[in-house]
Every structure is written in C-alpha cells, then in structure tokens.
Amino acid sequence: MPEKQDEHIVIVGAGTAGCTAAGQLAREGYRISLIEKESKPGGKVNNWYQLFPDRRKSEEVLKYLLGEIDNPLINISLNTDIDSIIKEKKKFLVTTTHGELLPADAILLATGFDLFNPERKEEYGYGIYDDVITSVELEDKFHSGAILTSKGVPPKRVGIVHCVGSRDEKVGNFHCSKVCCVTAVKQAIEIREMLPGTEVFCFYMDMRMFGPYYEELYREAQEKWGVNFIRGKVSEASENIEGRLLIKVEDTLAGRPLKMQVDLLVLMIGIENSLSGKRIAEDLDLKIGINGFFSVLDNHYGNNLSNMEGVFFAGTCTAAMNITDTISHARAAVVEIDSYLKSQKKEVEV
Amino acid sequence: MKQEGKKRIWKEFQKEIPDDHFFFVRSCIRQSFFPGSEQFLIKLLREELGKDIYEDPRHTTCTGIGYHSDVVPFETIQTVVARHFALATERGYKDILISCVTSFGIYEEIVETWKHFPETLEKTREYLYKATKREFEVPRTILHTSDAVYKFKDEIASRMKYPLIDHRTGEPLKAVEHIGCHYSKMFPKYGVGGAEFPHTLVGMIESWGGEVIDYPERRHCCGFGFRQYLIQADRGYSMSNSKKKFESMEPYKPEFVLANCPGCTMFMDKWQYTIKEQEGKTYGVNGQGIPVLTYEELAGLVMGYDPWDLGVQYHMVQSEPLMDKMGIPYDKDKKYIAKDGSKLEAPKNLINA
Amino acid sequence: MKNFGFSSIKPRVIDYDKNNRTVLDYIMEHEPSFALCIGCGGCAATCSAARFTDMSLRKINILLKRGENDEVRRLINKCMLCGKCTLVCPRGVNTRNVIFLTQQAFKKLDNYAV
C-alpha cells in the first residue's frame, strides 16, 4: 500500500481520461472527487458499438474504466456540474451545482469533447432529410442490430461524409478531429458485414490514418469489404421524388463533379471542446487555443499543464485524441500532478 | 422530409425589414421585359398597404451587368451606388428597396466592403464629391423588393380573392420557388431564411395557399451568369443550367415557378421557348410550359387584379392554364390592348397560348 | 428545328446511377487487387505513355470505377505495356493486368474492335 496522502484532487469529467487519472491517482493514495455531469461514468465510450482499429466491443474498455474508479479513495458525483472554481493562494475551492463545497489541492480538467452539431452544415439537410444521420446515430443502429432507413428497409447504398464540422472555416473549426476518418472506415466495414449486399461509399478530403493499424484497417476495408472511397467533399444533399437522397460531390481524382443517389447518408461529425469545459476556462481565465480546445503550456513537454498552477488537463479537452492516446495523456497527467503536489509539500516543510 | 428542420433554419435567418418609408430603385431588366411587376409593387405598397415608397427619377442603372462582365471597375460601381445613396440621403430615406437581385448583391457587397475596408468608403466619398459634389449616408437596411412583399405576405393573404388552390379540386397548387443566387448565396445572413433553404418565396407561396416543391436541383443557379450570355455562341451554357433545373422539377408537375431575380425570371421563361424550338421539349403537363412569375405578379393575381394589367402576358410561357386552375377570370380579347385602347400586335410562338 | 447559334451542352457530371460498370465488374472478378488503388498517381508519374500523351493510369483507374468507359477507351490504347506502373505501385495493384483486362472487357462485353 502506498503511503496515505492527505491531498485532495478534484477531477472534472468521468470519461476515459477522468476515470484513468482517478484510478491511478487513487492508487498513489490521493483522495479524489470525480465530478460527472452525466448519469453514469465512462463518457462517450458509452455511445460506441465497437472500437477501432480492432473492432473490440466498447464494453470491454468501459469495463476497464469502471474498474479503474472502483476504489474507496474515489468519490464520484454523478449528474453534477461545476458551479464555480475559486483559487485562493495554493488551494482551490470547488462548488458543484448540488451546492457541495470541495476544497482541493489540485484540479484535473478531463472535460472531454462535444460532438459537432451537424445542423450547422445546412447543405447536408440534417434534421430535414429523414435519412441523413450522424456517425453516433449509426452506432445506435449497430447496437440495435439493424440498419434501416426511415422507410424501415435496409439501405441499398450508404454514403459516408468525412470532415463534417472539421477542417471547415465556415463553422469556425480549422482543426482535424482525427478520429473520424478511422471511424468512417470502421463503420463502413460494419455496414458491409451486417449488410453484404449494400454498397458503401466514403467521401473524404484526405484519409488521415494516423494510429497503429489504422492504415491496415483502411486497406482491409478496400480489399476484404469492397468499400469505395471517393476523394471529395460532399457539397449538397437533397431528396428526389422517390424520397431517395441525391448527393453532389467533386470527384477530385477524376476532376469532375459526380452525383449519386444514396439511401442513407452518414455524417462523420467532428469534435469540439465541450461547452462545460469552455465555461470553466472562462471562469478560471484558462487560455483557449485557436482550435477552441484548452491551450496547454507547452505543446511538446507540457501538454498536461495549464496557464494556472495547480490546474491540469487530461484527454480530449486539449485536442482531438483516440482512446489510446487519451489514456496515455491521462496517465501522464498523474505524473505531473503527483510531482506538483510533492513539490508543494516540500515547500511547506522547508 | 421534416418541415421542422426548415423552420429552425428560417428562425435563424431572420432579417430586419422596416415597415414603411422605402427608397425604391428599379431593375433594368424588369422595367424592360415585364414592367407590370414594378408598377404593381408601387401600387401594392402605396395604394393597397398605404406605405411611403419614393422613387427618384435621377436614379440610374447600378451598372451591375457591366461590373460582372468586367467592363465597369469596382471603384466606378461603388461611386455609382454611392450616388444612389446620396439621392436617398437627400430625400431623408434610410432604407433602400432594390428591385433587382444583381443590384441587391452589389449593394450588399459594396456596403460589406466599406465595413471591412473603411478606406474604400472614404475613397468613394471623395470620388463622388469630386464628380458630383454629392454626399451620402450609408443606408440602414438594404432590402430586396421580395423582402418587402414577404414582410406584407399575410396582409396580402387577407385581401386574397384567388388563393393558390385548384378551385375545381380544392387541392393546393404545387409551385417551384427559385431564389436568385445573389440574393443570399454571397451573404446568407441578409436573405430571409439564408442560402440553403431560403424562406422569402416559400413564405409567400405557403401564405397564399400553395404547396412548395423541394426538388433536387432547387439550389442550382438558373444559368443567367453575366458575361456568359452576352455572346450568342456562349448561350448554350446558360440555357443548359436552366434545362438541368427543368429536368429535375418536371416529375413533380409544378404549376408555376416563382422567382425573385429579374435574370432568373427572364431566362427560366425564355429558355423554355428556346428548348422547345430546338429540342421539341416542354416541361409542364400535357406538353405545356411552366409559367415563371414574379412575386408581384403572383400577389396581384391572388388579390384579383386584372392579369393583363399585371403584365403576365409579357412572358414567353403564358399563364392561362394556371389562371384557369385558380379560377381567375380574364378577357382574351383585351390581352394585347394598350393603355390608350389601341391594339398591340400579339407576340408569336408563345407557349401555353 | 430553329438554329439559334447555340445549343444545350452535355453535362460534365459523372452520373453514377446511369453509368454502366460491367467493365469494372469484369476487372474486379479477375484482378481483385484493383480495389486497393488509393489514387496516389505513382503509376501515372512513371508512365512512358503519360510523357507524350494524355494517358493517365491513375485517371483511368478512377474512370473505370465510375463507369466512365468512353474516356477509358480513348486513353487506354496509348499504353505501351512496359510494366513500370506495376513496379512502382505502393499498394501492389497488378496495374498491367488491369490494362489487359480492360481491353479484354471492351472486346468481350462491348464486342468492341473484334
């Protein structure tokens, strides 16, 4: 057993980053208050069906995360948001929306991301055309075991639009959301697996297969699953007289515009810093980067540090990340917090 | 298709449209090709609705077609537009009501340029003063005439005699609405409903009892362009754009097209004649053409004005089949009688005549 | 018909639903590696024919996939079958065989140039 620590750390967000950091810090003997605005821990992992690149069940990772926070030193508050955080000298006073007052020696912001609201890309007609759905809604369909269009039949052809709300100045997002390309590939395979007679087309600007085994998955999608990839951004969706979607895209490799009918159009919605995270940033005067996420103190060797001493970051509140990188980032935050609190203790002793 | 999704967008793109006191500027195309529309707009605002609409005889072309055809430099057109603003300033008007979508786009573009590059505003003030000794205020709102008709659409509905309903069946008439590109594609925030799902004409059609068709090529340009039709040999390009739209709307069997841009109204009408002559193809039911109307013509028709006073006979595609469905009476013999009672020569090769 | 001095233009748009992809199906059946093309253009960069003609194997691959066969027909005869494209392909597509199969497909399926 590690030496018992008196220090108390408030972690905001019980998603992948929050749970990982909470578990590791508790094992170091710190007392943790884990604040989660949703009704259960696990964050966005709760929404996913299978994970890229190996298509393991997301429940397995969820089980790992829940196992991490199963520790008497962690006190989790669900359905709770942060009301205010006040810093006084070296200490923080956190007030939750339930009126709890939590004194803290350090704060870890693991506030995660919000999904882009595709209504902002009016040209795709999300919320207007019945068969325009998001990548998250497709995950729900996988969960339900049936991929059906609004007409209640399996689609004959599915279009997948990459970069919806990412790399798009028109919606104020310059950044790449990183995980959508590989999600598209994963989902394309899953559609082909569940509906072998259904054609799948991915419309991409660039294929950004940054992680281990991602490029291999992309290759598998082409080789084994016959997924079609067309380089070009879909500019418009509309509905024809039969109620089938008609999309317009520039086939940039052919150098000509292309039109095609699809039965289901899946928008790969990007990720943005969460609204709750941005509220805290405003409250604490934390810097926000041009990508809208929290600005870290140093992009190379200080990416868990904020511009305020004692406030740390973990996970996708700093940038788009996959689960693997989020876990690594959260573990690194643990090291930063631990060394910070130890240095504080020394100062007091001296 | 979920209507609520469109309503959400319409709510987001609402534009401040003043209730009264408009400084009106005409459209070159409209006053030449279908002058009844502007005449009726003035009558509608002034007599029917009791609004103050002022027209200054010193107003000129905005030189927009020249500008978009690279013969009028941006500095020149800014100065021409500034002169119009000076006329409005002189008469104490703050809201400009523009009859043409090309001009509307140009006025918007110029005012936006002045906002972002204030030095261009100062230069324009200097040019205008040197040339004419005039000074001007930048208007408070830039309005298109369809914005004004949109604003008063429900008042028009309350005076309606012949709603957009097939009087024999009671079914709403199906309509295509076509918004000019420069109405909202350049500055979505200044168009009612934005650029992807504009509400300006939809609002009128629905308020007057019709049903709007959302067909795949709804958002496509009519092909008017500018320099693209100036040379005869190039016009196939312009026409092909309209053709693409007609092919896309044909299966929905629209009774009419409602457009808010002079160029679109003219071309979508006249290309139907050209395509019929060249390819033997028409896009309405029973070999008919699809009438293309202005919003004033439509407002006048539903309010029971004499169609020949509105000038609907000055299009290539005639509106009799539509008027028959709406139950609007008309006197065939008076179709081409001039104001002084003399008989005008009837145009040839009309569609639906 | 009246002569207006102009006429309507054939759209440039690739109409995926109208196009015929039997040539593509024939290639895919006999050369599944064709699915692996990522459009990098390595084949076209090294192509002997591309130096002096408008042939581009990268473009041909895309046009075949879309069913734009007329353009493929025009371009494919420029190939000198040197095989350099196959040598450089990072995805291991047997490009030389794709060309053979395309020619065969045109002959078999279209009864073309028999």
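Q: What makes the meeting of the side chains of K248(A) and E217(B) a salt bridge?
A: In this predicted model, the N to O distance between the side chains of K248(A) and E217(B) is 2.6 Å. The cut-off is 4 Å between a side-chain nitrogen of Lys or Arg and a carboxyl oxygen of Asp or Glu, so the pair counts as a salt bridge.

Q: How many salt bridges does the rule find across the interface of chain B and chain A?
A: The rule finds four.

Q: What describes the interface of chain B and chain A in residues and area?
A: Chain B gives 20 residues to the contact and chain A gives 17 residues. About 1600 Å² is buried between the two chains, with 49% of it on carbon and sulfur atoms. On the side of chain B, the most area is lost by M1(B), P216(B) and R219(B), which together account for 35% of what that side buries.

Q: Why is α1(A) called oblique to α2(A)?
A: Helix α1 (residues 16–27) of chain A packs on helix α2 (residues 58–68) of chain A at an angle of about 40 degrees, and their axes are 8 Å apart. Angles under 35 degrees would count as roughly parallel and 65 to 115 as roughly perpendicular, so α1(A) is oblique to α2(A).

Q: Which residues make the contact of α1(A) and α2(A)?
A: From α1(A) come T16(A), C19(A), T20(A), G23(A), Q24(A) and R27(A), and from α2(A) come Y64(A), L65(A) and E68(A). These residues divide into three nonpolar, four polar and two charged.

Q: Is the crossing of α1(A) and α2(A) left-handed or right-handed?
A: The crossing is left-handed.

Key:
Residues are numbered from 1 along each chain as its sequence is written. Chains are lettered from A and ligands numbered from 1 in the order in which they are written. This is a predicted model: local features need pLDDT of at least 70, side-chain atom pairs count only at pLDDT 80 or more; totals for chains, interfaces and linings use all residues. Side-chain values use heavy atoms; hydrogens and water are left out. Axes are lines fitted to C-alpha atoms, for helices over the stretch in contact, and angles run from 0 to 180 degrees between N-to-C directions. Helices (H or I, at least four residues) and strands (E, at least two) are DSSP runs, numbered from the N terminus. Angles under 35 degrees count as roughly parallel, over 145 as roughly antiparallel, 65 to 115 as roughly perpendicular and the rest as oblique. A crossing is left-handed if the near helix is turned anticlockwise from the far one by less than a right angle, and right-handed if clockwise. Contact means heavy atoms within 4.5 Å. Ala, Val, Leu, Ile, Met, Phe, Trp, Tyr, Cys and Pro count as nonpolar, Asp, Glu, Lys and Arg as charged, and the others, Gly among them, as polar. Buried area is the accessible area (1.4 Å probe) that two parts lose on being put together, summed over both.
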